[in-house]
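I opened this notebook to record what I looked up in one structure. The entries follow the order in which I made them.

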Amino acid sequence: MEDCLYEHQLFYGLDMQRETLGNTGTLVSELCLGTMYFGTKTDQAQSEKLLDLFVQNGGNFMDTSNNYSFWIDHGTGDESEKALGKWFKRSGVRDKVVLATKCGARPTYYAGDMNTIKLEGLSYDTIIKAVEDSLRRLQTDYIDVLYGHIDFMEYPIDERLKAFTLLKEQGKIRFAGTSNTQAWRVAESQMYSRDKDHVPYHFVQQKYSFLRPKHNADFWIQKLLDEEMMSYASNNQDVTLVAYSTLLSGFYGKSETALPEEYATEDNRLRLLALQEVANRKSCTMNQVVLAWIMAHTPKIIPLISASKTAQLEESIKSVDCKLSKEEFHFLSNSGI
């Protein structure tokens, strides 16, 4: 494919702005493309079409994992990284992309029952091997961002930080991050990194959307982006927040769909009314307003978007042009009970 394909042949006259990641000097697009189902639910040809579209419109931040998507029929966890690797080889744009992947949540045993699953964890040796395997699948010699997928309490912090530090020294990763963890654990890790001269975390990826979950909602290993983490990031600007599950698997675009069980509250019914009001006023979709609302936060949050169809990705990309006023942001933030 011609290199000029990636030289801003925009479909909408839009171009995603670049965000500086903490104090790293690295610039990424204000939206990050999640590729969880690439290679499984979304076949290779369609995956590459979506990747092309994202890059054509200024996107350069992409997210995968070494376990996407093992839970799909006949899935192993290799598929998403392999799909990206094939695209990198064809497109030749690896050096133009900020690539994030994760380790720690790949199953060592899985028989279709999440209650009996065993995960690889975050031991020193596991992390080193996981990166070698990811590099092979991704057909690259470096990863920009490596997340610990889950904060396993049974593995000492120093063990994972030593592994991340060695991998950075070897040029196999550029930055380290953590996902599904708590603010006090991030603070503890950052202090340890400073004391021992290990690499710090520059990224924290958590679950976050416009609707507020029930107080007793069970998301298994997933951790919410809460006020404590927001406060930590506000006071530690070397950490960049990334939000996943932002659009709740397309819920906001399904007007007749009942609220997901974890979000079925009167508070959220009222928040949806406020969301619809702003969407109507701005001639945007509810999905676009949700993404615009997340991007308007302080501290800055980069939303993960995903798609299986071109129209879905086009809709999400257009959210960068759905700018909220301060009044609209506060109206949405304070809606509900």
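**Basis.** I worked from a predicted model, in which local features need pLDDT of at least 70 and side-chain atom pairs count only at pLDDT 80 or more, whereas totals for chains, interfaces and linings use all residues. Residues are numbered from 1 along each chain as its sequence is written, and side-chain values use heavy atoms, with hydrogens and water left out.

**Helix H5.** I took helices (H or I, at least four residues) and strands (E, at least two) as DSSP runs, numbered from the N terminus. H5 comprises the 14 residues 183-196, and I checked its length: at 1.5 Å a residue it should span 20 Å, and its end C-alpha atoms are 20 Å apart, which agrees. The expected span is 1.5 Å times one less than the number of residues.

After H5 comes Asp197, with a positive phi near 60°.

**Strand S11.** Which way do the residues of S11 point? I found Thr240, Val242 and Tyr244 pointing one way and Leu241 and Ala243 the other, all of them buried. In a regular strand the side chains alternate between the two faces of the sheet.

I noted the pairing next, where two strands pair if DSSP finds at least two bridges between them. S10 and S11 are parallel over 5 bridges, with Gln205 bridged to Val242. From S10 the chain passes through H6 to S11 in a right-handed β-α-β crossover. Right-handed here means that, with the strands pointing away from the viewer, the path from the first strand over the helix to the second runs clockwise. S11 also pairs in the parallel sense with S12 (residues 301-305), over 3 bridges, and Val242 has Ile302 as its partner there.

**Two loop residues.** I located Asn57 in the loop between helix H1 (44-56) and strand S4 (61-63). Asn57 counts as buried because its relative accessibility is 1%. Tyr37 sits in the loop between strand S3 (32-34) and H1. Tyr37 counts as partly exposed because its relative accessibility is 29%.

Conventions:
Buried means under 20% relative accessible area, exposed over 50%, partly exposed in between (1.4 Å probe, protein chains only).
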